[in-house]
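Please look over the model shown here alongside the report that follows, which goes through selected helices, strands and aromatic rings in turn.

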Amino acid sequence: MKEAENTMMPEYELPHLGGKLMSTQVSALLIKELTGGVFAQSERLPSEVELAERLGVSRTVIRDALSDLEREGLIDRVRGIGTVINREIVNLKSRLDLKLEYNELILAAGHSPRSDSLSLRVEQADEQLAETLRIDAGAGVIVCEKRVLAGDTPVIYSIDYLALSLFDGMDYAAIDWTKPIFDILDRCCGLTVITDIAHVCATNATPAIRRLLQVPHGGALLMLDEVGFCRLSRPVLRSLEFYTSFFDFTMLRKKF
């Protein structure tokens, strides 16, 4: 197997970003290096000790980050061999089973993401939404709608619902809502979404959404109806996302 121990990694600064765990940041950095960085041609990762020294974090953080990567199928840790990179899985571009922002999906497909047709408003939560977000019926909810493009091609329409109380008196209208919603929750609210529960189905959507996504009559969209949870299983986000056929989604199914 091709060794990675002598491969030099760039220097990284790993600040504590809002509510984001250090291990989550390390996982993201390692994935970046696995896909297009110093480990892109490697078959194994360096030892926990060496990774900890290179990134300036504890072995516990490295161990937690590697556990995340192993759960996602990107690596296998084998006693007596080391941390083996599952290259076929690393090279998958659009995994439906991972919690990825759509900007990351578009970048992985080789395109530049951008957003337009932004709509921002506050509504009162109906009983169903209140139950989903565990807030009182009638409480204020921020609703953010936007179209996402890959270059000049419309590929996603998203509708995000967040409790107004999460922003604790902040001027929500001053926030740049074209940014990924996970980043907004992290930076503005100190909340990290660690789990999504998503219901997936084919849909025709509304005529307005179809028009914005330039979907011809009779063409179907893939809809993800998601609820995002932070620690202690606290729901903080409901999202409706409509995907065009631009994406060729794959799903990793592990037997154990």
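## Terms and basis

A residue is called buried when its relative accessible area is under 20%, exposed when that area is over 50%, and partly exposed in between, as computed with a 1.4 Å probe on protein chains only. Helices (H or I, at least four residues) and strands (E, at least two) are DSSP runs, numbered from the N terminus.

This is a predicted model, in which local features need pLDDT of at least 70 and side-chain atom pairs count only at pLDDT 80 or more, while totals for chains, interfaces and linings use all residues. Residues are numbered from 1 along each chain as its sequence is written, and side-chain values use heavy atoms, with hydrogens and water left out.

## Two domains

The domain assignment divides the chain into domain 1 (22–91) and domain 2 (102–243), such bounds being taken from an automatic or database domain assignment. The C-alpha centres of domain 1 and domain 2 are 30 Å apart.

In helix α2 (residues 48–55), the buried residues are Glu48, Leu51, Ala52, Arg54 and Leu55. They lie on the same side of α2, because they cover an arc of only 165° around the axis, the arc being that of the directions from the helix axis to the C-beta atoms. These buried residues pack against α1 (22–36), α3 (59–71) and β2 (75–78), where contact means heavy atoms within 4.5 Å. Gly56, which follows α2, has a positive phi, near 70°.

## The three-stranded sheet

Strands of a sheet pair through backbone hydrogen bonds, either parallel or antiparallel. Here three strands form an open sheet in the order β1-β3-β2, with antiparallel pairing; two strands are taken to pair if DSSP finds at least two bridges between them. The edge strands, each pairing on one side only, are β1 (44–45) and β2. α3 packs on this sheet, touching β1, β2 and β3, and its direction makes about 120° with that of β2; axes are lines fitted to C-alpha atoms, for helices over the stretch in contact, and angles run from 0 to 180 degrees between N-to-C directions.

β2 and β3 (residues 82–85) run antiparallel and are joined by four bridges. Within β3, Thr83 is the bridge partner of Arg77, and Val84 is that of Asp76. The two strands form a hairpin with three residues between them, and Gly80 in the turn has a positive phi of about 85°.

Ile181, Phe182, Ile184, Leu185, Asp186 and Cys189 are buried in α7, and what covers them includes β6, β7 (195–203) and β9 (234–243). Just after α7, Gly190 takes a positive phi of about 65°.

Tyr172 is found in the loop between β6 (153–163) and α7 (181–189) and is partly exposed, with a relative accessible area of 24%. Leaving aside neighbours within four places in sequence, Tyr172 is in contact with Leu120, Val122, Ile142, Leu164 and Trp177.

## Aromatic pairs

Five aromatic pairs are found in the whole structure; rings of Phe, Tyr and Trp (its six-membered ring) pair if their centres lie within 6.5 Å, and planes under 30 degrees apart count as stacked, over 60 as edge-to-face and the rest as tilted. One of the pairs is formed by Phe167 and Trp177, which are tilted at 5.8 Å centre to centre with 50° between the planes. Both residues lie in the loop between β6 and α7, so the pair ties together parts that are 10 residues apart in sequence. Phe167 and Trp177 are buried.

Phe246 and Phe247 form an edge-to-face pair, 5.0 Å centre to centre with 85° between the planes. Phe246 is partly exposed at 28% relative accessibility, whereas Phe247 is buried at 8%.
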